[in-house]
Amino acid sequence: MQHTGVTQLGVRWIDNQAHIRIWAPWATAVDCLLTEREIVIPLEKQTYGYWYANSKLPRHGERYKIIIDGTAYPDPASLYQPEGVHGPSAMIDLDYPWTDHRYHAPAQRELIIYELHVGTFSDKHDFHGVIDRIPYLKALGVNALELMPVGQFPGERNWGYDGVYAFAVQNSYGGARGLQQLVDACHQADIAVILDVVYNHFGPEGNYLPAFGPYFTAKYHTPWGDAVNYDDELNYGVRDFVLANIRMWFEDFHIDGLRMDAVHAIKDFGPAHILQDIRRLADGVVAKSGKQRYLFVECDLNDRRFLDPLEVNGFAMDGQWLDEFHHTLRVAAGEERKGYYKEFEGVAHLAKAYEKAYVFDGCYSSHRKRFFGTDSDGIKGNRFIVFSQNHDQVGNRMFGERSSSLYSVEMTRLMAFAVFLSPYIPLLFMGEEWGTKKPFQYFVSHSDQQLVKNVQQGREEEFREFQTSGEVPNPQDKATFQRSVLDWNELEKSPFRQHYLYYSALIALRKSHPVLKNLSREDINVDCLSEQNVLLLRAGKAKSKLLAVMNFSGAAQRILLDDDQKWLLIFDSLSGATDRITREPTQSSHELTAPAHSGLLFESMD
């Protein structure tokens with residue numbers, strides 16, 4: 001951990017005084033300007049480039065800017081930006097009357113995650129729109145919401161990864177109080193909240209960080225420009241910034257877990273990686289509160305060090321998104337092998353993903369043109385999060401098509417079947433459960449016209465390898481955003497209602513069946529019938545065994561079994577709810593027929 005002793009930044013209220021702390025190691029003078037009353041509060045320089053003052057002059061909610069050597073900027077650690085990324089900051093208090101004191105997040109192996117984007121989840125486009133749907137989410141069976149980033153971004157329409165104020169909750173979503181209300185309401189319904197956060201870069205518009213200090217370093221290059229400075233000169237201020245942000249989410253917002261975006265783009269070659277410091281901080285919060293706090297990461301390196309414990313110099317993250325499971329599943333379902341899908345082999349690699357997690361575990365990658373990855377031996381299955389679609393895999397398609405627009409209803413159900421019968425943590429993306437065909441497209445609302453042009457050109461360049469025709473939707477056009485907003489009226493219509501009932505039954509099966517709810521990687525065995533495009537997955541021990549048959553082909557397949565076990569059909573992806581299954585043994589204990597695009601789940605009868 002860092003040793004500056006600084007744990008909080010920006011403005012905090014203590015004993016009815018505003019305590020103001022700014023990191024500006026290059027500045028010769030730092031002041032706080034109360035913009036409406038034009039009152040200036042000088043800050044005193046302290047060690048390590050910090051500036052500090054405490055004062056009774058500010059009022060709760062008062063707007064302010066930080067003056068660095070004569071130029072005024074919003075506070076980098078602002079808790080609220082009522083006028084957007086270019087406007088003044090506001091001195092708000094994060095004190096909140098929590099009612100969740102008895103709440104504890106589910107055990108990691110029990111998590112069923114529902115990812116959503118606050119702005120497009122409802123026609124309210126804010127946290128209240130999510131709160132309204134908590135009873136629905138509870139009835140569906142999910143026990144954790146994962147919110148795409150909510151840090152202040154330019155305008156009112158954005159995925160959230162262009163945020164420039166890590167501490168300020170998006171004003172159009174409802175700000176800090178709105179997020180606290182959502183978390184409290186979720187906890188009352190026994191639903192955990194996981195927040196997507198971005199520490200690999202900061203967005204371009206409204207990014208005044210370089211005026212305060214060396215938040216970036218030219219030592220490394222990322223897709224977004226210079227890397228965040230985690231190991232160059234004066235890096236400790238940046239590390240303090242990130243750690244204080246994480247502490248705020250856990251302590252002031254009661255967030256149960258963080259999903260850290262693209263950590264492979266974090267460049268840190270110091271003696272203690274920033275993720276290791278984050279792990280130690282989280283452990284301290286857990287020890288103090290007695291409540292679990294999860295650290296999940298998105299990482300495309302297939303490097304077990306991100307999951308290995310601190311004792312062996314690992315980063316000790318609780319889990320990671322397993323993109324390769326998604327890629328193999330999509331190719332098995334018929335995805336054209338272009339771009340990063342090119343090197344995946346469908347059912348053969350899907351079988352490996354079930355058993356080994358990483359498909360590329362040290363073998364040669366034709367896409368990367370090098371040997372790639374490590375093994376994941378000894379790492380429990382519940383350390384990986386899998387999905388048939390998520391915001392990236394939908395929204396990063398040229399037209400933002402969901403699986404329901406690309407595949408048959410039968411195939412989308414089979415893909416969900418494959419996810420929920422895995423030994424990993426299942427995640428679904430908002431609207432997936434009723435098979436909406438509404439796209440989820442990439443959208444922004446920048447005010448910088450050159451930036452708008454650059455974003456559009458970047459999207460066109462991105463899809464050259466994937467798409468050969470059609471015009472890339474304009475991210476700046478409000479219609480692109482509006483097309484992406486869920487239509488909840490679909491739920492009452494056919495066939496959406498039937499699709500929802502299928503998902504709710506599948507989730508209930510995952511949560512209730514003694515084998516599935518305790519499934520581990522060590523307990524499964526997968527056979528790949530490549531010529532038939534079929535997978536056979538066996539799970540369980542002793543008398544409690546399951547056999548899952550997944551037929552990804554477009555024709556019925558006759559499957560010969562090599563054992564004398566008698567099996568009882570308990571779930572069928574084509575029939576929906578389990579109570580519709582006739583509980584009779586298969587006609588033969590040696591063979592069965594799997595219809596096209598189907599998933600069948602059998603239970604041993606002995």
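Predicted model: local features only at pLDDT ≥ 70, side-chain atom pairs only at ≥ 80, totals over all residues.
Student: Which residue in β6 stands opposite tryptophan 23?
Tutor: Tyrosine 50.
Student: What holds strands in a sheet together in general?
Tutor: Backbone hydrogen bonds, in a parallel or an antiparallel arrangement.
Student: What's the strand order in the sheet of β2 and β6?
Tutor: The order is β1-β2-β6-β5. That makes an open sheet of 4 strands with antiparallel pairing.
Student: And which strands are at the edges?
Tutor: β1, residues 10-14, and β5, residues 44-45. Each of these pairs on one side only.
Student: What sits in the loop between β1 and β2?
Tutor: Asparagine 16 is in that loop. Its phi is near 60°, a positive value in a residue that is not glycine.
Student: Is asparagine 16 buried or exposed?
Tutor: Exposed, because its relative accessibility is 56% and the cut-off for exposed is over 50%.
Student: What about alanine 357, where is that?
Tutor: In the loop between α8, residues 347-356, and β20, residues 363-365. Alanine 357 also has a positive phi, near 70°.
Student: Buried or exposed, for alanine 357?
Tutor: Buried. Its relative accessible area is 0%, and buried means under 20%.
Student: New topic. Which residues does the cis peptide bond join?
Tutor: Serine 494 and proline 495, with omega about 5°. Proline 495 lies in the loop between α13, residues 478-483, and α14, residues 496-512.
Student: Now zoom out. How many helices and strands are in the protein?
Tutor: There are 14 helices and 30 strands.
Student: What radius of gyration does the protein have?
Tutor: 25 Å. A compact globule of 606 residues would be near 25 Å, so the value agrees. Along its principal axes, the C-alpha trace spans about 85 × 50 × 50 Å.
Student: How much of the protein is buried?
Tutor: Buried residues are 62% of the 606. The protein exposes about 23,600 Å², with 47% of that from carbon and sulfur atoms.
Student: Last one. How many positive and negative side chains are there?
Tutor: 62 positive and 80 negative. The centres of the two sets are 3 Å apart.

Methods: Residues numbered from 1 in each chain as written. Heavy atoms only, no water. Helix = DSSP H or I, 4+ residues; strand = E, 2+ residues; numbered from the N terminus. Rg over C-alpha atoms; globule rule 2.2 N^0.38 Å. Buried < 20%, exposed > 50% of the residue type's maximum accessible area, 1.4 Å probe, protein only. Areas by Shrake-Rupley, 256 points an atom, 1.4 Å probe, with all protein chains shown as cover. Lys, Arg positive; Asp, Glu negative; His and termini not counted. Charge placed at Lys NZ, Arg CZ, Asp CG, Glu CD. Pairing = 2+ DSSP bridges.
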